[in-house]
Amino acid sequence: MGNFPKLNFNYWLLMVLCTTMGELVGNLLSRNFQLGYTQGAVLDICIFGAVIFLVIALKLKNEIYYWTLILMGNIGGTNLADWVTLEPLESDKKWGLLKPLELGTKFGSLVVMGTLITILLTRFFVTKRGKAARNISSEVLYWVAILLSSTFGTTSGDFITNDTPMGAFGGSIFLLLLLLFVFFAFRFKKLNYPSAYWSALVLIHPVGATIGNYISKPIGLNLGNIYTNVAMAVLFSMIYYADSRLVSTSQLASQIDSTKN
């Protein structure tokens, strides 16, 4: 499973949808199902880690596994972000030292971003080691970075939505403009591939969080977590299916051309 998928429009659109669904499912588990932030985060991260182990150990390379991990990382990141920033729910109080940190969205975002930068730097230096260790360690650190970028997306998205004049809608527009800046910087070779990928990924997650807030909460369309999630899942499936058909058609055309030659 490649660490840097192709930067095309459908990939980033699917990433936004996964981020939005992760935000909504995370809220559904911790609040609607009353698991709390601590239990939700612990459960999601344990499942996320177990699936990463299976994917790496069994060398699974199907795109379905990739997107499953992306979605699970976003769900875990949402609960982890709430655990870092928010006051404990009633079900969190029994966890003692593991109850939510209550750092707030501003300071919590800075802490998560600092941790993410540390992981990315570690991953950079790990790539200089032997091949076997490099491949496995790089893969694990990639998914840890995905989890933390999702966590940052929720903390920063909530900060933009609740603590700035931009709100959910204005914040989404602002972040999308920053994404366009990254795209053009990459297009005109001002950013290399890894830098463009991680810059876009870090921005994509708060975009998903602010979009999720706008669609599901009273500050926007107020459709609720369940209905919004169903709509996002249907849209994701349609785009994924269309993209898969497009790839299959392209591969078939290439095979026909090679046969003719």
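Accessible areas here come from the Shrake-Rupley method with a 1.4 Å probe. The model shown in these views is predicted.

View 1. Of its 261 residues, 44% are buried. The chain has 8 helices and 0 strands, so the order of elements from the N terminus reads α-α-α-α-α-α-α-α. Among contacts with a separation of 6 or more, 75% are between residues 24 or more positions apart.

**View 2. A nonpolar patch on the surface.** Eight names make up this view: Phe169, Ile173, Leu176, Leu177, Leu180, Phe183, Phe184 and Phe188 form the patch. Together these residues have about 820 Å² of accessible area.

View 3. Phe169 lies in helix 6, which covers residues 167-187. Phe169 counts as exposed because its relative accessibility is 53%, and the cut-off for exposed is over 50%.

View 4. Ile119 is found in helix 4, residues 105-126. Its relative accessible area is 16%, and buried means under 20%, so Ile119 is buried. Leaving aside residues up to four places away in sequence, Ile119 touches Leu141, Val144, Ala145 and Leu148.

**View 5. Ile119 and Ala145.** These two residues are 26 residues apart along the chain. The C-alpha atoms of Ile119 and Ala145 are separated by 6.4 Å. Ala145 is also one of the residues that Ile119 touches.

Terms used: Residues are numbered from 1 along each chain as its sequence is written. This is a predicted model: local features need pLDDT of at least 70, side-chain atom pairs count only at pLDDT 80 or more; totals for chains, interfaces and linings use all residues. Side-chain values use heavy atoms; hydrogens and water are left out. Patches are made of residues with over 30% relative accessible area and no salt bridge: like charges are joined within 9 Å, nonpolar side chains (Val, Leu, Ile, Met, Phe, Trp, Tyr) within 5 Å. A salt bridge is a side-chain nitrogen of Lys or Arg within 4 Å of a carboxyl oxygen of Asp or Glu. Helices (H or I, at least four residues) and strands (E, at least two) are DSSP runs, numbered from the N terminus. Buried means under 20% relative accessible area, exposed over 50%, partly exposed in between (1.4 Å probe, protein chains only). Contact means heavy atoms within 4.5 Å.
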